[in-house]
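Look at the sequence and the structure first, then read the points below.

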Amino acid sequence: MATKKRKISAVRVFFTVLIITFLVIAILSVTVLFPIKSISVSGESQYSHEEIVNASGLVVGNNILVVSEKGVSKTLSKQLPYIKSANLKRTLSGNITVTVSPEEKGYCCEYKDSFVVISKSLKVLELKTKRDKNAARILGIDSFTFEAGEPFIINDETKNRCFIT
């Protein structure tokens, strides 16, 4: 009986040590291990390397494993409207490469004495004082909501359905 109890006790100790070891490794991997050492940017963009890195929220020293590619892409697309999407390539040595793809101008819509520039995917890019000759002009829309980096929304539901389809 005593031998059986010792075996059960040894198995319990073994599994307890194993679980604690895994927990320590997991905690270290998201805190101390795998820091971001460098951030590089590639792809076409009208924004500078510094603007993209600052808007991305990526910081040298943060853990590379907790960075959300979807979150970085969404943040960049909203804060820098001329960026359509961003992909991240990570290495365990601590390097992150952000590859951006540009948003293309598609339309412009008159707003007071200015023009709202809209992408082909119907995202508001910017407000300009002069009409962009490379963008198709939208006429007949009187009421719409816009914010740079957000979808272009026409307040008239009938016109909105016609425009989007």
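Which residues of helix α3 (residues 69-79) are buried? They are Val-72, Ser-73, Leu-76 and Ser-77, where buried means under 20% relative accessible area, exposed over 50% and partly exposed in between (1.4 Å probe, protein chains only). The model is predicted: local features need pLDDT of at least 70, side-chain atom pairs count only at pLDDT 80 or more, and totals for chains, interfaces and linings use all residues. Residues are numbered from 1 along each chain as its sequence is written, and side-chain values use heavy atoms, with hydrogens and water left out.

**Helix α3**
- Seen down the axis of α3, the buried residues fall within an arc of 125 degrees, so they line one face of the helix; the arc is that of the directions from the helix axis to the C-beta atoms.
- Lys-70 and Lys-74, on the other side of α3, are exposed.
- The buried residues of α3 pack against α2 (49-56), β2 (83-90) and β3 (95-102), with contact meaning heavy atoms within 4.5 Å.
- Helices (H or I, at least four residues) and strands (E, at least two) are DSSP runs, numbered from the N terminus.

**The sheet**
- Three strands form an open sheet in the order β1-β3-β2, with mixed pairing; two strands pair if DSSP finds at least two bridges between them.
- β1 (38-43) and β2 are the edge strands, each pairing on one side only.
- β2 and β3 run antiparallel and are joined by 7 bridges.
- Leu-88 stands opposite Val-98 in β3.
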